[in-house]
Amino acid sequence: MNFYPRYYNESGNPAVFCGFLENSQKNANFAIMIEIKNICKSFGNLQVLGNVSLSIGQGEIVAIVGPSGAGKTTLLQIAGSLDRPDSGSVVYDGVDITSQKERQLAGFRNRHIGFIFQFHELLPEFSARENVAIPAMIAGDSRKEAFRKADSLLETLGLADRRSHKPAELSGGEKQRVAIARALINNPRIVLADEPTGSLDSHNRDEIHAIISRLCLERGHTFLIVTHDSSLASIAHRVVEMRDGEIVNIIDKNSEGAEIVPGDAEDIIK
């Protein structure tokens with residue numbers, strides 16, 4: 001299924017929301033998939049996270065916002081097992097991954113977590129197809145099967161005719177779409193994205209917003225996103241504001257009729 005062309009409205013401009021928020025607001029019952037419990041993290045004498053707790057539901061988009069130095073990226077890295085907390089736990093479907101050894105964590109990340117970074121982090125010597133396929137081959141897929149999956153994802157994201165191109169031959173938006181395909185190749189339980197639109201122009205940002213919306217709506221993918229981009233945060237089911245290593249506000253778009261602390265994504269993203 002190639003849904004990429006539907007990202008554009010009748011005027012030919014990216015249709016960011018694609019009806020997503022209207023539908024998603026009706027479903028407030030996400031099954032809890034990840035529980036981040038009482039996370040503390042310090043670097044030397046600097047406390048970066050102080051007793052942070054957050055649950056993430058299956059099929060949910062959660063945006064973490066706040067000023068630089070608030071602890072957003074550190075929390076994302078701990079949630080993705082790229083860093084360990086000083087105390088607290090990260091539980092995926094009842095399994096505490098903070099107690100696992102590094103070898104176990106590497107396998108867990110490969111199978112269950114996709115990563116998207118601000119700068120695509122594609123390997124320059126490999127084609128788009130090869131960059132996408134590498135995590136699948138690491139997971140044990142044959143080269144043929146990995147390429148089949150990669151080709152399907154690249155077609156879905158409108159890049160079928162760019163699959164043999166190396167990163168230097170791709171635009172910024174195309175590189176980030178390749179990075180999204182790479183994050184999805186092993187059908188992860190969750191995709192963690194750190195400023196995925198931070199290096200893009202407004203047109204390409206809108207394309208990435210639309211892609212994330214549709215992947216959640218049509219394929220049930222779960223996203224935890226760190227961003228300073230208010231328009232990206234606006235497609236999330238919940239917007240989590242952090243300051244000084246703590247969660248200070250959560251805007252829950254799923255709670256119909258719920259009283260929300262004043263402020264919205266435009267107000268709290270600086």
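1. The bridge partner of Ile61 in strand E8 is Phe223. Strands E3 (residues 61-65) and E8 (residues 223-226) pair in the parallel sense over four bridges; two strands are taken to pair if DSSP finds at least two bridges between them. Strands (E, at least two residues) and helices (H or I, at least four) are DSSP runs numbered from the N terminus.

2. The structure is a predicted model, in which local features need pLDDT of at least 70 and side-chain atom pairs count only at pLDDT 80 or more, while totals for chains, interfaces and linings use all residues. Residues are numbered from 1 along each chain as its sequence is written, and side-chain values use heavy atoms, with hydrogens and water left out.

3. E3 is also joined to strand E9 (residues 238-243) by four bridges, and these two strands run parallel. Ala63 has Val239 as its bridge partner in E9. Five of the five residues of E3 are buried, where buried means under 20% relative accessible area, exposed over 50% and partly exposed in between (1.4 Å probe, protein chains only). Both faces of E3 are covered, with Ile61, Ala63 and Val65 on one side and Val62 and Ile64 on the other.

4. These strands belong to an open sheet of six, in the order E6-E7-E8-E3-E9-E10, with mixed pairing. E6 and E10 (246-252) are the edge strands, each pairing on one side only. Neighbouring strands are turned by 20° against each other on average, direction ignored; axes are lines fitted to C-alpha atoms, for helices over the stretch in contact, and angles run from 0 to 180 degrees between N-to-C directions.

5. Ile116 stands opposite Ala193 in E7. Helix H3 packs on the sheet, touching E6 and E7, and its direction makes about 75° with that of E6. Helix H6 also touches E6 and E7, but at about 170° to the direction of E6. Contact here means heavy atoms within 4.5 Å.

6. In helix H4, the buried residues are Ala128, Asn131, Val132, Ala133, Pro135 and Ala136. The buried residues of H4 pack against H3, H5 and H6. Just after H4, Gly140 takes a positive phi of about 115°.

7. The largest pocket has a volume of about 420 Å³. Of its 19 lining residues, the closest to the centre are Asn110, Ile113, Phe115, Pro135 and Arg182. Helix H3 (102-112), strand E6 (113-116), helix H4 (128-138) and helix H6 (172-184) each give two or more residues to this lining, and the largest share, four residues, comes from H4. On a 1 Å grid over the protein atoms alone, a pocket is an open set of points with protein on both sides within 12 Å along at least five of seven lines, a cavity is a set where a 1.4 Å probe fits but cannot get out, and lining residues have an atom within 4 Å of a point. Grid points are joined across faces, edges and corners, and a volume is the space filled by probe spheres set on the points.

8. The second largest pocket holds about 150 Å³ of space. Helix H5 (residues 143-156) gives the most to its lining, with four residues. Other parts of the chain also contribute, including Arg219 and His221.

9. A search of the whole structure finds one cavity of 30 Å³ or more. The largest cavity has a volume of about 40 Å³ and is lined by Ile78, Ser81, Asp83, Arg84, Ile97, Thr98 and Leu105.
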